[in-house]
Amino acid sequence: MSISIALTKGRLETETVKLLDKANYGTDELKDKGRKLVFNDTKEDIRYFLVKAADSITYVEHGVADIGVVGKDTLLEADDDYYEVLDLGLGKCKFIVASSPENDFFNKIGHIKIGTKYPTVAGEYFKKKGMDVEIIKIEGSVELAPILGLCDAIVDIMETGTTLKENGLIVYDTICDISARVIVNKASFKLKKKEIESFIKRIKAIL
Ligand code: PRP
């Protein structure tokens, strides 16, 4: 039976394609993609889609994709109607809390505002700390928000730390590590057990 795999485009894409290549999947179309979004494996009965991280979960949950490759950061923000089966160890980064060095917001008395692309992760983190904060959802360039005074601190992902450094921000706390995961549609896991297990086994063998 053929399987469909939703791959996250952007940061994770190159590393994921490299991994598929190493596992001897037919990645020629993926490597020469132009503006195309759907690709056939040139060796196996597999179809790949390139989508945004959050959409990869949606395609898997709706069974349009049997498998998805997506960052743990995005998984932590979404509901979890899928099986998470494998940590690929790619796209490694961390969830951090950051602000300017002089802004000791943890000890601030009064209203604290947190800017983030990840309101669920940020909300859960401050709830565990017993801090009542206002979460402000931001879509990108999050480091700008405390600089311009939109918020006291940010919850964001840090990979190299360059963006924080170049914008004069420091890490106040690390929330957790993040990496790319393989997720599987619950029904596909039963109906295409053989194909999915074989995919996982081949990828595991080269990790
Ligand atoms: C992410 C994240 C940080 C940056 C961290 O943003 O939100 O801004 O990468 O990477 P670094 O530690 O290696 O500097 P992304 O590039 O995905 O774009 P965005 O600003 O549009 O969210």
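A polar contact is a pair of N or O atoms within 3.5 Å; within protein, one must be able to donate a hydrogen and the other to accept it, and residues adjacent in sequence count only if both atoms are side-chain atoms. By that rule, five residue pairs are in polar contact across the interface of domain 1 and domain 2, both residues of each pair being at pLDDT 80 or more. The model is predicted.

The domain assignment gives domain 1 as 3–91 + 179–206 and domain 2 as 93–177. Their centres, taken over C-alpha atoms, lie 30 Å apart. Six residues of domain 1 and 10 residues of domain 2 make the contact. The table lists values for this pair of domains.

| Item, domain 1 and domain 2 | Value |
|---|---|
| Separation of centres (C-alpha atoms) | 30 Å |
| Area buried between them | about 690 Å² |
| Share of that area on carbon and sulfur atoms | 48% |
| Share of the domain 1 side from Asp73, Leu76 and Glu77 | 66% |

Asp73, Leu76 and Glu77 are the residues of domain 1 that lose the most area to domain 2. Helix H4 (residues 72–77) supplies three residues, the largest share of the domain 1 side that touches domain 2. The rule also finds one salt bridge across this interface.

Thr74 is found in helix H4 too. Thr74 counts as buried because its relative accessibility is 14%, below the 20% cut-off. Beyond its neighbours within four places in sequence, Thr74 contacts Ala53, Ala54 and Ile57.

**Helix H1**

H1 spans residues 11–22. Which of its residues are buried? They are Leu12, Glu13, Thr16, Val17, Leu19 and Leu20. These residues lie on the same side of H1 because they cover an arc of only 160 degrees around the axis. An α-helix has 3.6 residues a turn, so residues three or four places apart point the same way.

The face turned away from the buried side carries exposed residues: Arg11, Thr14, Lys18 and Lys22. Arg11 forms a salt bridge with Glu159. Their closest N and O atoms are 2.4 Å apart. Just after H1, Asn24 takes a positive phi of about 70 degrees.

Technical notes:
Residues numbered from 1 in each chain as written. Heavy atoms only, no water. Buried < 20%, exposed > 50% of the residue type's maximum accessible area, 1.4 Å probe, protein only. Helix = DSSP H or I, 4+ residues; strand = E, 2+ residues; numbered from the N terminus. Arc of directions from axis to C-beta. Domains from an automatic or database assignment. Contact = heavy atoms within 4.5 Å. Buried area = accessible area lost by both parts, 1.4 Å probe. Salt bridge = Lys/Arg side-chain N within 4 Å of Asp/Glu carboxyl O.
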